[in-house]
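I opened the model today and kept notes as I went. The entries below follow the order in which I looked things up.

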Amino acid sequence: MRGPPACPIVTIDGPSGSGKGTISRALARKLGWHLLDSGALYRLVAIAGVDAGAAADDEGAHAALARRMDAVFSVAPDGSECVTLGGRDVTGRIRSEEAGQGASRVAAWPAVREALLARQRAFAAPPGLVADGRDMGTVVFPGAELKVFLTATPQERALRRHKQLKDKGSDVSLPALSREIAERDLRDQTREVAPLKAAPDAHLIDSTGLSVEAVVQRVLDLGAARSLWP
Ligand code: C5P
């Protein structure tokens with residue numbers, strides 16, 4: 001559990017392709033708050049493991065990398081995001097389906113999750129934090145002021161991820177992607193530690209057929225009703 005809240009926290013959890021990343025980013029920008037993209041940390045652990053030549057089933061080695069990896073998130077002057085790992089630019093690599101699959105594997109290990117806890121909580125700083133992931137409202141920030149669980153139909157989620165990857169120049173077939181997303185969902189929902197599930201006090205939002213603006217507005221309305229912002 002974190003100590004007394006240093007700042008207000010909004011958690012946005014949900015499965016792959018539910019729109020968490022886009023909504024969290026838009027919300028953080030609108031509020032001028034910090035953003036924690038926790039999935040990026042798991043993706044970085046997977047990448048660090050490959051680069052260090054760690055055996056794919058070595059939990060301890062990946063946990064050690066999670067603890068000591070030197071990850072820097074920054075925004076370029078043109079507004080684009082940049083991620084470096086040990087000084088090397090991994091911005092493109094981190095968004096690949098391969099990194100997503102690797103992340104889902106290392107994320108099932110308790111030692112890796114434990115190793116990333118303090119790093120994730122350190123993102124909480126005034127004026128506030130929008131935390132995006134799978135267990136933000138259940139494990140990392142159980143005392144968050146506002147918790148949202150975002151869903152969308154599996155078809156819509158696969159289509160969104162397909163478009164995202166295509167826009168980045170990656171040529172993945174839709175059926176293959178749908179299968180990968182289903183596999184990842186199953187692994188995320190059935191793992192023993194911090195499985196993907198809504199916190200009991202989370203607000204469920206089904207984003208199927210809704211625009212980004214409409215979903216952001218719903219979250220803004222929920223926060224305003226709690227006097228988190230005007
Ligand atoms: O959200 P993103 O697709 O970047 O997450 C990649 C993977 O990292 C997820 O499939 C999940 O297995 C894992 N993850 C997690 N807990 C989080 C964020 C991501 O287990 N808070």
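In which loop does Pro-127 lie? I found Pro-127 in the loop between helix 6 and strand 6. Helices here are DSSP runs of H or I with at least four residues, strands are runs of E with at least two, and both are numbered from the N terminus. The peptide bond from Pro-126 to Pro-127 is cis, with omega near 5°.

Ground rules next. This is a predicted model, in which local features need pLDDT of at least 70 and side-chain atom pairs count only at pLDDT 80 or more, while totals for chains, interfaces and linings use all residues. Residues are numbered from 1 along each chain as its sequence is written, and side-chain values use heavy atoms, with hydrogens and water left out.

**Entry: the chain overall.** I looked up the secondary structure and got 10 helices and eight strands. The C-alpha atoms fill a box of roughly 50 × 40 × 40 Å along the principal axes. The radius of gyration is 17 Å, which agrees with the value near 17 Å for a compact globule of 230 residues. That radius is taken over C-alpha atoms, and the globule rule is 2.2 Å times the number of residues to the power 0.38. Of the 230 residues, 46% count as buried. Buried means under 20% relative accessible area, exposed over 50%, and partly exposed in between, with a 1.4 Å probe and protein chains only.

**Entry: the ligand.** I listed 16 residues around the ligand; Arg-43, Arg-113, Asp-135, Asp-188 and Arg-191 come nearest. A residue is near if one of its heavy atoms lies within 4 Å. Which helix gives the largest share of the shell? Helix 2 does, with four residues. Helix 2 (38-52), helix 5 (97-106) and helix 9 (174-190) each supply at least two. By type, the shell has four nonpolar, four polar and eight charged residues.

I then checked polar contacts, which are pairs of N or O atoms within 3.5 Å. An N or O atom in the side chain of Arg-43 is 2.6 Å from a ligand oxygen. Arg-134 has a polar side-chain atom 2.9 Å from an oxygen atom of the ligand. For Asp-135, a polar side-chain atom lies 2.8 Å from a ligand nitrogen. The protein covers 96% of the 460 Å² of accessible area that the ligand has on its own.

**Entry: aromatic pairs.** Rings of Phe, Tyr and Trp (its six-membered ring) pair if their centres lie within 6.5 Å; planes under 30 degrees apart are stacked, over 60 edge-to-face, the rest tilted. I counted two pairs. Trp-33 and Trp-229 are edge-to-face, at 5.5 Å centre to centre and 70° between the planes. Trp-33 sits in the loop between helix 1 (20-31) and strand 2 (34-37) and Trp-229 in the segment after helix 10 (212-225), so the pair ties together parts 196 residues apart in sequence. Both Trp-33 and Trp-229 are buried.

Phe-73 and Phe-123 have ring centres 6.4 Å apart and planes at 75°, so this pair is edge-to-face. Phe-73 is partly exposed at 34% relative accessible area. Phe-123 is also partly exposed, at 23%.

**Entry: positive phi.** Ala-194 has phi near 45°, a positive value in a residue other than glycine. I placed Ala-194 in the loop between helix 9 and strand 8 (203-206). Is Ser-227 buried or exposed? Ser-227 counts as exposed, at 63% relative accessibility. Its phi is near 60°.

Methods: Polar contact = N/O pair within 3.5 Å; in protein donor to acceptor, adjacent residues only side chain to side chain. Areas by Shrake-Rupley, 256 points an atom, 1.4 Å probe, with all protein chains shown as cover. Nonpolar A, V, L, I, M, F, W, Y, C, P; charged D, E, K, R; others polar.
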